Amino acid sequence: MKTQEHKNTKGVTPLETWSLTGFASIELLVSIGILSLLVALSTASFSNLRTNASLSGAAQEILSNLKLAQARTTASEGVLGVASNYGVHFESTGYVLFQGAAYDSGNSLNKTFNLPANLEIVNVDLTTWPDVVFQRISGNAGGSGNVTIRKIGGGGERVVKIDISGNAYISTTS
């Protein structure tokens with residue numbers, strides 16, 4: 001017995017008819033919903049990545065300026081050839097690279113560095129709070145401790161650690 005295939009008036013089988021009709025509106029809505037979810041997840045991930053990069057960059061800049069102050073001190077750099085100490089003074093929104101045995105806010109040689117607007121210094125736990133002053137010849141820090149940077153409103157942190165010998169490095173906390 002021969003089976004007769006049902007054909008519509010245009011000569012197309014029902015299976016072929018279904019595949020030619022395109023997407024149903026429910027399929028489009030599901031696809032748009034999935035895409036929206038993927039965009040939202042990637043945006044949150046990108047934002048977190050930017051925050052981490054900003055934190056790492058700010059911590060690296062602080063570390064570089066601590067090492068610059070130490071290098072200038074050990075090289076006996078100073079104004080008009082007079083050797084001087086150098087140090088870094090910390091504030092909540094930034095820090096200052098200064099020349100001299102102590103920070104003087106009125107010194108015209110000070111160089112101020114501001115953190116990005118979304119970051120803050122939340123903890124300056126130094127034995128010579130809130131300054132680190134390097135000693136001539138040895139390059140030792142006048143004290144030791146930590147400087148913590150974090151995103152305003154919470155988030156990751158970076159801790160710049162300084163030991164008594166003047167070594168400084170960055171530590172990551174959750």
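Leaving out neighbours within four places in sequence, Val132 is in contact with Leu66, Tyr86, Gly87, Val88, Phe90, Phe98, Leu126, Ala141 and Ile162, where contact means heavy atoms within 4.5 Å. The model is predicted: local features need pLDDT of at least 70 and side-chain atom pairs count only at pLDDT 80 or more, while totals for chains, interfaces and linings use all residues. Residues are numbered from 1 along each chain as its sequence is written, and side-chain values use heavy atoms, with hydrogens and water left out.

**Nonpolar core**

Val132 is also, with Leu66 and Phe90, among the residues with the most contacts inside the largest nonpolar core, which has 26 residues. H2, E1, E2, E4, E6 and strand E7 (157-162) each supply at least two residues of this core, and the largest share, seven residues, comes from H2. A nonpolar core here is a set of buried Ala, Val, Leu, Ile, Met, Phe, Trp, Tyr and Cys residues joined through side-chain atoms within 4.5 Å. Buried means under 20% relative accessible area, exposed over 50%, and partly exposed in between (1.4 Å probe, protein chains only). Helices (H or I, at least four residues) and strands (E, at least two) are DSSP runs, numbered from the N terminus. In soluble globular proteins, nonpolar side chains tend to be buried together.

**Strand E2 and its partners**

Strand E2 (residues 94-99) is largely enclosed by the rest of the structure, because six of its six residues are buried. Gly94, Val96 and Phe98 are buried on one side, and Tyr95, Leu97 and Gln99 are buried on the other, so that both faces of E2 are covered. E2 pairs with E1 in the antiparallel sense over five bridges; two strands pair if DSSP finds at least two bridges between them. A hairpin of three residues joins E1 to E2, and Phe90 stands opposite Tyr95 in E2. E2 and strand E3 (residues 111-114) run antiparallel and are joined by four bridges, with Val96 standing opposite Thr112 in E3.

**Salt bridges**

A search of the whole structure finds two salt bridges, each defined as a side-chain nitrogen of Lys or Arg within 4 Å of a carboxyl oxygen of Asp or Glu.

| Pair | N to O distance |
|---|---|
| Arg72 and Glu77 | 3.6 Å |
| Arg150 and Glu120 | 3.2 Å |

Arg150 counts as partly exposed, at 30% relative accessibility.

**Backbone exceptions**

Most residues other than glycine have a negative phi, and most peptide bonds are trans. The peptide bond from Trp129 to Pro130 is cis, with omega near -10°. Pro130 lies in the loop between strand E4 (119-126) and strand E5 (131-133).

Ser76 has a positive phi, near 60°, and sits in the loop between helix H2 (25-74) and strand E1 (86-90). Ser76 is partly exposed, with a relative accessible area of 27%. Ile137 also has a positive phi, of about 70°, although it is not a glycine. Ile137 is found in the loop between E5 and strand E6 (145-151), and is exposed, with a relative accessible area of 70%.
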